[in-house]
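Keep the viewer open as you read.

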Amino acid sequence: MDKKYLDLFNVQEGQLREVLGIALQRGGDYADLYFEYTVSNELSLRDGEVNAVSSNIDYGVGIRVVSGDKTGFAFTEQTTLAEMKNAARIAAQIATLPDSVTNIPAAFTPVKGTNYSPILSPWEDHTVTEKMGWLTSLNEKVFAKDSRITKVLERLTDSNTKILFYNSLGESFTDERPMAALVVTCVMEENGRIESSSSSRSFRMGYEFLNEALLDEMAQEAYEKGVILFQATQPKGGEMPVVMGAGGSGILLHEAIGHAFEADFNRKGTSIFSDKLGKQICDKSINIVDDGTLMHNRGSVNIDDEGIPGQKTYMVKNGILNSYLHDRISAKFYNTASTGNGRRESFRFMPIPRMRATYMENGNCREADLIAEVKNGIYVDNFSNGQVQIGAGDFTFYVKSGYLIENGKLTTPIKDINIIGNGPEALADIIGVADNNRIDNGTWTCGKEQYCPVSCGMPSVLIKQLTVGGVN
């Protein structure tokens, strides 16, 4: 074990064995200690000036005890031996088990994972003034796009989290997890009409995240998303074919389908897919992946929060429901291996099955071919939010912008509509998958009881029919 991590949390391995022993003294099957130290910074720009700067340090340890279907959890922001022992006793008591004795291994074996987020230039080596320069430059690039731009808002965040983990199986690991995010919002006005649009990027990177190419790309994207809204109108509502564009449309996979593949929902029988493992659920050409191994990706994990190395999991393989997304608890229930999806918001939370980077693999046709098949429908690629019922699979997504499809061609820009459907039905109704898969590297964050960074993506797909909420 890397001694600098033990020193960071001011602990010794002998003490950690003692704490694990206390955690299991009431007869638990398993216990783990999750230490976390995070340094985070944020800068905001408004009215051409960086007007807010903040820094924060978060520190502590979460202690979990598992026994059968019961889980006890407690955390402390102090890593003294006395505080850790107290938290361990509380976690054991929550599990409400009789006293017993469990032997903790005399030595711990490090879990090895691949580093998918190497840092070339640490954030702590760079000043606030340097960061401010990038925000000022982006502000100038956006304003130079169009005289109709009246306001630019920006936010730059960076953080680095160091993890120390031990469990009662004799496993341990350390991990370093950088995260950077940049968001720019562009406000435009034309003849008294105001529109706004945003662009965001987030990667697990150091200061090398910031470069001129990134600023140029985001300035252009924010501008293009905004200017098209002045031409857009609300279409007529009804049931119609929908072509979902590559990239951000992957939010459909995440919300309407991905959550229903998380094993805790299936273990409890609340997912509509709980009885469909190994069964054909969509066309044989469709493969859907949840991937923790994409280099620098916001959702990637070197090692998950339970000590399982990051991996690539096929949820759907050739149209068949191939695997749920497992943490240690669900993997034991299903008598299978964890897929490395045990994730938590911080040391204050228990790990649960969570997605990482969720996307659909390429099909064998072009996006233009999908559009050409539609006589009357819509094309959508810019989403802002959505809601889904995990049990029934019903979803509603708000579409910021897109286009009408008329006689196989994109025509009038559209905006401010809802698309409504059912996840399993929409998956089964995909009748074409393009060859243009793209990961959306925006600041996606999943809120399932707790918040975790994720990403999503997909190639363009043609869904035979969805309900579009527009004008009557």
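How do the residues of the lining of the second largest pocket divide into nonpolar, polar and charged? There are 8 nonpolar, 9 polar and 11 charged residues in that lining. Bear in mind as you look that this is a predicted model.

The second largest pocket has a volume of about 780 Å³. It is lined by 28 residues, and the closest to its centre are Thr38, Ser159, Thr161, Glu345 and Pro453. The elements that give two or more residues to this lining are β1 (30–46), β2 (49–67), β5 (149–167), β6 (171–190) and β21 (450–453). Strand β1 provides the largest share, 6 residues.

In general, an α-helix has 3.6 residues a turn, so residues three or four places apart point the same way.

Leaving aside neighbours within four places in sequence, Ile378 is in contact with several residues, among them Met240, Pro241, Val242 and Val243. Its contacts also include Tyr403, Leu404, Ile405 and Ile419.

Next, find Ser401 in strand β16 (residues 394–406). Is Ser401 buried or exposed? Its relative accessible area is 8%, and because buried means under 20%, Ser401 counts as buried. The side chain of Ser401 makes a polar contact with the side chain of Asn382 at 3.2 Å. Beyond its neighbours within four places in sequence, Ser401 is in contact with Leu229, Val380, Asp381, Asn382, Ile414 and Lys415.

Our last stop is Asn297, in the loop between β9 (288–291) and β10 (312–317). Although it sits in a loop, Asn297 counts as buried because its relative accessibility is 4%. Its side chain reaches the backbone nitrogen of Gly299 at 2.8 Å. Not counting residues up to four places away in sequence, Asn297 touches Arg204, Ala357, Ile439, Asn441 and Ser455.

How values were computed: Residues are numbered from 1 along each chain as its sequence is written. This is a predicted model: local features need pLDDT of at least 70, side-chain atom pairs count only at pLDDT 80 or more; totals for chains, interfaces and linings use all residues. Side-chain values use heavy atoms; hydrogens and water are left out. Helices (H or I, at least four residues) and strands (E, at least two) are DSSP runs, numbered from the N terminus. Buried means under 20% relative accessible area, exposed over 50%, partly exposed in between (1.4 Å probe, protein chains only). A polar contact is a pair of N or O atoms within 3.5 Å; within protein, one must be able to donate a hydrogen and the other to accept it, and residues adjacent in sequence count only if both atoms are side-chain atoms. Contact means heavy atoms within 4.5 Å. On a 1 Å grid over the protein atoms alone, a cavity is a set of points where a 1.4 Å probe fits but cannot get out, and a pocket is an open set with protein on both sides within 12 Å along at least five of seven lines; lining residues have an atom within 4 Å of a point. Grid points are joined across faces, edges and corners, and a volume is the space filled by probe spheres set on the points. Ala, Val, Leu, Ile, Met, Phe, Trp, Tyr, Cys and Pro count as nonpolar, Asp, Glu, Lys and Arg as charged, and the others, Gly among them, as polar.
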